[in-house]
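Have the sequence and the 3D view open as you read.

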Amino acid sequence: MLESSRRPPAHTASVVAVAAARGAEHLLTRDPHRRIHLMQTGLALLLTAYCAALALYVAHLAGTPMPLAYTWATCTVVGIAAVFVSIRAGWTQGLADPSLTTLQLSFTVTSAAILYALIGPLRAATFPALVITLVFGMFTLAPRVLMGIAAYTLALFGAVMLFKSQQDP
């Protein structure tokens, strides 16, 4: 029998599965409520990192000064990562919104408005990420809170659009 055709022992798969389960337990805790919040925030963090990488490419195409773009991307990803750490550490457990959904949405909307101001003629590229952000809120927030975030989004983007129309038409 050739050396390359040998299979690993059957117990290797179970060892890997146990190690993965322990790793997930360590990262996401045993508390089922906190685990759900961490999984949602982890997904938001991954999407934020992806959008930040994409935004850096768009900023490069738009001729945005890259130190500014890198600063924006770093602050955006670190902001959502800080929320993840806060939830994981249990600091948010006693709050009315232990997943900090309202904070995450407000932060992401503000970040998108800053990006809108930074990327010049490619500003419309910020809207798909903004829509994804607001859709996340639709499934978790009370309608009144979501309406407040929508009003904040409209007011903030309106102000940024007005500012940019005067500064960089």
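## Before we start

A word you'll meet a lot is "buried": it means under 20% relative accessible area, while exposed means over 50% and partly exposed is anything in between, all with a 1.4 Å probe and protein chains only. This is a predicted model, so to speak: local features need pLDDT of at least 70, side-chain atom pairs count only at pLDDT 80 or more, and totals for chains, interfaces and linings use all residues. Residues are numbered from 1 along each chain as its sequence is written, and side-chain values use heavy atoms, with hydrogens and water left out.

## The overall layout

The chain has 6 helices and 0 strands. Helices (H or I, at least four residues) and strands (E, at least two) are DSSP runs, numbered from the N terminus. Read from that end, the elements go α-α-α-α-α-α. Out of 169 residues in the chain, 31% count as buried.

Helix 2 covers residues 32-62, which makes 31 residues, and spans 44 Å from its first C-alpha to its last. That is close to the 45 Å expected at 1.5 Å a residue; the expected span is 1.5 Å times one less than the number of residues. Its buried residues include Leu38, Ala44, Ala52, Leu56 and Ala59.

Helix 3 takes in residues 66-89, with 24 residues and a reach of 34 Å from first C-alpha to last, close to the 34 Å expected. Among its buried residues are Trp72, Ile80, Val83, Phe84 and Ile87. A glycine follows here too: glycine 90 comes after helix 3, and its phi is positive, near 90°.

## An aromatic cluster

How many aromatic pairs does the structure hold? There are 3. Rings of Phe, Tyr and Trp (its six-membered ring) pair if their centres lie within 6.5 Å; planes under 30 degrees apart count as stacked, over 60 as edge-to-face and the rest as tilted. Tyrosine 116 and phenylalanine 157 have ring centres 5.6 Å apart and planes at 75°, so this pair is edge-to-face. Tyrosine 116 sits in helix 4 (residues 101-118) and phenylalanine 157 in helix 6 (residues 143-167), so the pair ties together parts 41 residues apart in sequence. Tyrosine 116 is buried at 10% relative accessibility, and phenylalanine 157 is buried at 4%.

Phenylalanine 157 also pairs with phenylalanine 127: their centres are 5.7 Å apart and their planes at 40°, so this pair is tilted. Phenylalanine 127 belongs to helix 5 (residues 126-138), 30 residues away from phenylalanine 157 in helix 6. At 30% relative accessibility, phenylalanine 127 counts as partly exposed. Together, Tyr116, Phe127 and Phe157 form one aromatic cluster.

Arginine 123 lies over the face of tyrosine 116, 5.7 Å from the ring centre. A charge sits over a ring if NZ of Lys or CZ of Arg is within 6 Å of the ring centre and within 35 degrees of the ring normal.

## One more contact across the chain

Isoleucine 132 is in helix 5 and counts as partly exposed, at 41% relative accessibility. How far apart are isoleucine 132 and alanine 44 in sequence and in space? They are 88 residues apart in sequence and 9.7 Å apart in space, C-alpha to C-alpha.
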